[in-house]
Amino acid sequence: MMATVAHPVGHEPVTPLRSLPHRVYRHRLPTRLWHWSNVVALLVMLTSGLMIFNAHPRLYWGDHGANADRAWLEIGPTPGGAHLVLFGSVDVPTGGVLGRWKDANGVEQTRAFPYWATIPSGYSLAAARRWHLSVAWIFATLTFGYLLLSAANRHIRRDLLPTRGELKPSYLWQDVKDHLRLRFHPTDGTAHYNILQKLTYGLVLFVLLPGIVLTGLTMSPAFNAAWPWMLDLFGGRQSARSLHFIFATGLVGFILIHVLLVILAGPINEIRSMLTGWFHVHRVEEGAA
Amino acid sequence: MITRRGLVGSLGIGAGGLLLSGCDRVAATPAFRRFVDRTDGLTIDFTRLVSKRDALAREYSMADLSPVFRANGTQAPAAPEYRSLAAANFADYRLRVDGLVRHPRSLSLAQLRSLPARTQITRHDCVEGWSAIGRWTGTPLAGLLNSAQLLPAARFIVFHCADDYGASKYYESIDLVDALHPQTILAWGLNGRALPIANGAPLRLRVERQLGYKHAKYVMRVEAVASLAGIGAGKGGYWEDSNDYAWYAGI
């Protein structure tokens, strides 16, 4: 039988049981609901977004940008293969994956992102927009709803905001070293987020997620008329489109690292805690025999 | 209202999201169609809620013009009637304004050019993602509709075009909020010159708060209607009918 100590993250256990493994209540219901609904919503947004990108696989800075203008990123097929071209000069061959690939029926296609990464799997800008702009309502509601709720229930201040001590270079460096040694959890019987975790979640929650919603809205000609300041905030419609893509790339990077770290940190305990809320911790006894 | 079937359908959508291969099947379900239609309605309502009715699209300066204004879609209509009009430099062109109006009108290009004109440097946003900035000159649609006097039953303005994609003619439609907007013009000039054929000569719609496919080119007839049901396949435009693009293209 496992001893149970229910306490919110960030507080010392009420009755620490020496040398026994115990569990703490780490993720409250709103966090767990948000996490799993976001898995679905974000997956739909990313994959339908890649299909929308396929309709014009070029990115620009500024207000305007079309085929005659200079693109800072372009994914395109060429007779012999395919390339991702950055800043008009860095040329990465991507044949077989991006720009030129074989679909599920073995037929060669010359779109930027391949069928296995897009909704729908066959080229359709109209269908991808239906997915993207409908699920966007769910995604934006989840993002801003969770931000407001987390401010109201003190999740942000208590669990996510770094303390002054945690931001000291020596402390940050120690956490980097701990990560490299695959030590992710505090050893004091609590389940605090470590500082790299806090900074990463902060980047996702306060920059990437709201940023991707706002840059998405900035691509709308109707919202441009209603809220022209958004064009100034992001430096023009094509800049907003580029930032939208960069934020999406950031979220993909986060998801990959997040899943990798869950696997390294103990996938059963981690996934169980995001399902039930309860996280199992081991308290390291100091000086105990 | 949450029904068991609706809930099961919604859960189906959620589960399908986990498997990309399942998404194509989910997209074909009636539950997904209801979800799409409702959120589409939400988008229109929300946009209109946060916008002033006459909120203007940003107007740019000459320095912001795209060096090349990209032409897209039909760039040289093949219909014989259009080609003979173009061959005579549109001297025989007539724009019809009819439908639910008290005084149907028929105007030559010279008459259209002699009407009060508006010039605006605006950004054209294609649904594909690219944007081009151009300087448009044309007659405000509101003035034209006022002179024809809309009947109270009129709710949409339909633009019938000279170009076709295979079997069906291009057409588009907007509601009266956008039709009477000060920047909604029937343009006959681009960047200080007569509108080129590739960009919709002799006359194209500019409806600046919506995406490019709403900006009908080669406009031959402006029709006021009470409902879009009887026109084309009833969804309000060529791409709406043929490919399920959204009728409201403000986003």
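Helix α5 of chain A carries a kink of about 30°, centred on Val204(A). This is a predicted model, and the angle is computed from its coordinates. The helix runs over residues 195–218. Its 24 residues should span 34 Å at 1.5 Å a residue, and the end C-alpha atoms lie 33 Å apart, which agrees.

The side chains of Lys198(A) and Glu166(A) meet with N and O 2.9 Å apart. Lys198(A) belongs to α5(A), whereas Glu166(A) sits in the loop between α3 (155–160) and α4 (169–180) of chain A, so the pair ties together parts that are 32 residues apart in sequence. Over all chains, the count of salt bridges comes to 24.

Helix α2(A), residues 125–152, has 28 residues and reaches 39 Å from its first C-alpha to its last, close to the 40 Å expected at 1.5 Å a residue. A bend of about 35° occurs in α2(A) at Ala136(A). After α2(A) comes Arg154(A), which has a positive phi, near 70°.

Some backbone geometry in the model deserves a separate look. Most residues other than glycine have a negative phi, and most peptide bonds are trans. Leu182(A) is not a glycine, yet its phi is positive, about 60°. The residue is found in the loop between α4 and α5 of chain A. As for peptide bonds, the one joining Ile119(A) and Pro120(A) is cis, with omega about -10°. Pro120(A) is placed in the loop between β8 (108–109) and α2 of chain A. Chain B has a cis peptide bond from Ala201(B) to Pro202(B), where omega is near 5°. Here the proline, Pro202(B), lies in the loop between β8 (193–194) and β9 (204–206) of chain B.

Chain B is divided into domain 1, residues 4–50, and domain 2, residues 62–243. Taken over C-alpha atoms, the centres of domain 1 and domain 2 of chain B are separated by 33 Å.

The remaining topic is how chain B meets chain A. The size of an interface is often given as the accessible area lost when the parts come together. For chain B and chain A the buried area is about 4000 Å², and 63% of it is on carbon and sulfur atoms. The contact takes 53 residues from chain B and 46 residues from chain A.

Arg130(A) forms a salt bridge with Asp244(B), and the closest N and O atoms are 3.1 Å apart. On the side of chain B that touches chain A, at least two residues each come from α1 (4–18), α2 (20–27), α3 (30–50), β3 (118–125) and β4 (131–140) of chain B. Helix α3(B) gives the most to that side, with 11 residues.

Terms used
Residues numbered from 1 in each chain as written. Chains lettered and ligands numbered in written order. Predicted model: local features only at pLDDT ≥ 70, side-chain atom pairs only at ≥ 80, totals over all residues. Heavy atoms only, no water. Helix = DSSP H or I, 4+ residues; strand = E, 2+ residues; numbered from the N terminus. Expected span 1.5 Å × (residues − 1). Bend = angle between axes of the 7 residues up to and from the residue. Domains from an automatic or database assignment. Contact = heavy atoms within 4.5 Å. Buried area = accessible area lost by both parts, 1.4 Å probe. Salt bridge = Lys/Arg side-chain N within 4 Å of Asp/Glu carboxyl O.
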